[in-house]
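Work through the following exercises with the model open beside the text, and try each task before reading its solution.

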Amino acid sequence: MKDRPVLIAGGGIGGLATALTLHQIGVPCIVFEAAREMRPLGVGINMQPNAVRELYDLGIDAVELDRVGLPAREWALVGLNGNDIYAEPRGLTAGYKWPQYAVHRGQFHMLLYEKVVERIGPQAVRLGSRVAGYRNHPDGGVSVRIEHADGSVSEAEGALLIGADGIHSAVRAQMHPAQPPIHWGGAIMWRGTTWGRPIRTGSSFVGLGTHRQRMVFYPISQPNPETGLSMINWIAEVTVDNTEGWKQSDWFRQVPTSEFAHHFKDWIWDWLDVPALIAQADSVFENPMIDRDPVATWRDGAVLLIGDAAHAMYPTGSNGGSQAIVDARILGAAMMEHGVTQAALAAFDEKLCGPISQLILRNRGAGPFGLLNLVDERCGGTFDNIDDVIPPQERSEFMAGYKAAAGLAIEKLNMAPPTIPQGATVRSAALA
Ligand SMILES: Cc1cc2nc3c(=O)[nH]c(=O)nc-3n(C[C@H](O)[C@H](O)[C@H](O)COP(=O)(O)OP(=O)(O)OC[C@H]3O[C@@H](n4cnc5c(N)ncnc54)[C@H](O)[C@@H]3O)c2cc1C
């Protein structure tokens, strides 16, 4: 059992961060990834300071992150009349010891993949290998059934299985066969990128509109020194009646802008032209805003769920990718304490399953965008002075509550010791 590797289902952000962490602490691992090839898929995603701290501790530095994104400086909510509802600094400007990064999800994912191949070797990630099921052994290990892209099927044995296979997780489906179907609350998102001039601080996340219809946009590349243009990531969102469920067969599909641009045809100000932003996009993807109902545990014997497989949540808090990275690190820390054992998985489950499940429900209630709901309820979304609608203290308290729940309280994070001390390995911890 001692020599068996940890098996990881899914080579997304969570799976690759787990592989890098396990390698760092001296634990052999293999990643099984269903996709036949790694491609830079997706658009914008935010890496919160708690995740950037872990990336730095993994030896992925600011120079490398600057190649796939840029430090975020501000988070702002703006009403339909263009007036500010709320604005706060982010990352270093807010007083964190680590920046927040707005990155291109696909390029960031490829960066993690390159690191895994460089540090562990190309055999560390088995592409075209879909994990189809698992079996816990009486001796504490686990077998995994793998369906290969060429149609063959094989079995692998490991000390533990980490299910990092995303929102449609096969590992979770086996662990919780009675789980309800994916939950959709009625919001539809259309996501795209367009080259444009960044506004406000030059790296501001802006949420504009009401909670039933809004635009979110932020730059995810450094401005081109010649043109001044950055790649602007945008999400156009409307909420519709969901009583009949999601009608499309796909959860993620490329669509022409004509399918939704009419919702935003009048959204033109002297500082922003939403119809132009949409019309000039390279390509646009439609996906419903979905998550999964929390489950009572993420562990079954030698098997543990992490990342979206454990806690897929609405992206309103911009913390899905960050939490997947933090999960990987907390799992590594649990192994430092308990060894490569089921006890480590139990400690992880005990620590995170309850609080993160609460965060899923909090994000369902609009997460930090909840302020837009309040503005809508109190004045229909139009106001001259936001202080007359929501006093400054109420706004600050609302945001502080969210940040504490998401592990983003500034002082607490700044004071926290490293999740995994530099140079520490599972072996050195066992000898200590
Ligand atoms: C293609 C893609 C594009 C995305 N684009 C965005 C975006 O633009 N913005 C955003 O905010 N979030 C996006 N996300 C979601 C975001 O990456 C996740 O919410 C977050 O990073 C959590 O990461 P994760 O590793 O838990 O899950 P994911 O990043 O979803 O990774 C799961 C991985 O597991 C693989 N997999 C699935 N089933 C199996 C199986 N049975 N066996 C083996 N491998 C399997 C998948 O191919 C995938 O690589 C995207 C996810 C994917 C997969």
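Predicted model: local features only at pLDDT ≥ 70, side-chain atom pairs only at ≥ 80, totals over all residues.

**Exercise 1. Describe the polar contacts and the surroundings of the ligand.**

Residues are numbered from 1 along each chain as its sequence is written, and side-chain values use heavy atoms, with hydrogens and water left out.

Next, turn to the backbone: a polar backbone atom of Gly-14 is 2.7 Å from an oxygen atom of the ligand, and a polar backbone atom of Val-131 is 2.9 Å from a nitrogen atom of the ligand. The ligand taken alone exposes 910 Å², of which the protein buries 82%, with accessible areas from the Shrake-Rupley method and a 1.4 Å probe, and with only the protein chains shown counting as cover for residues.

Then widen the view to the 27 residues around the ligand, among which Gly-14, Glu-33, Val-43, Arg-191 and Asp-308 come nearest; a residue is near a molecule if one of its heavy atoms lies within 4 Å of it. By class, this shell has 10 nonpolar, 11 polar and six charged residues, where Ala, Val, Leu, Ile, Met, Phe, Trp, Tyr, Cys and Pro count as nonpolar, Asp, Glu, Lys and Arg as charged, and the others, Gly among them, as polar.

Finally, assign the shell to elements: α1 (13–24), β3 (44–47), β9 (129–136), α7 (307–311) and α8 (320–338) each supply at least two of its residues. Helices (H or I, at least four residues) and strands (E, at least two) are DSSP runs numbered from the N terminus.

**Exercise 2. Is helix α2 (residues 49–57) enclosed or open, and what follows α2?**

Eight of the nine residues of α2 are buried, so the helix is largely enclosed by the rest of the structure; buried means under 20% relative accessible area, exposed over 50%, and partly exposed in between (1.4 Å probe, protein chains only). The buried residues include Arg-53, Glu-54 and Asp-57 as well as Val-52 and Leu-55. After α2 comes Gly-59, with a positive phi near 80 degrees.

**Exercise 3. Characterise two loop residues, Asn-385 and Arg-200.**

Begin with Asn-385, which sits in the loop between α10 (370–379) and α11 (392–405) and is partly exposed, with a relative accessible area of 36%. The side chain of Asn-385 reaches the backbone nitrogen of Asp-387 at 3.0 Å.

Arg-200 lies in the loop between β13 (183–196) and β14 (204–209) and, at 39% relative accessibility, counts as partly exposed. Its phi is positive, near 50 degrees, in a residue other than glycine.

**Exercise 4. Summarise the chain as a whole.**

The protein chain contains 13 helices and 20 strands. Its radius of gyration is 22 Å, close to the 22 Å that the globule rule gives for 432 residues, so the chain is as compact as a globular protein of that length; the radius is taken over C-alpha atoms, and the rule is 2.2 Å times the number of residues to the power 0.38. Of the 432 residues, 55% count as buried.

How values were computed. Polar contact = N/O pair within 3.5 Å; in protein donor to acceptor, adjacent residues only side chain to side chain.
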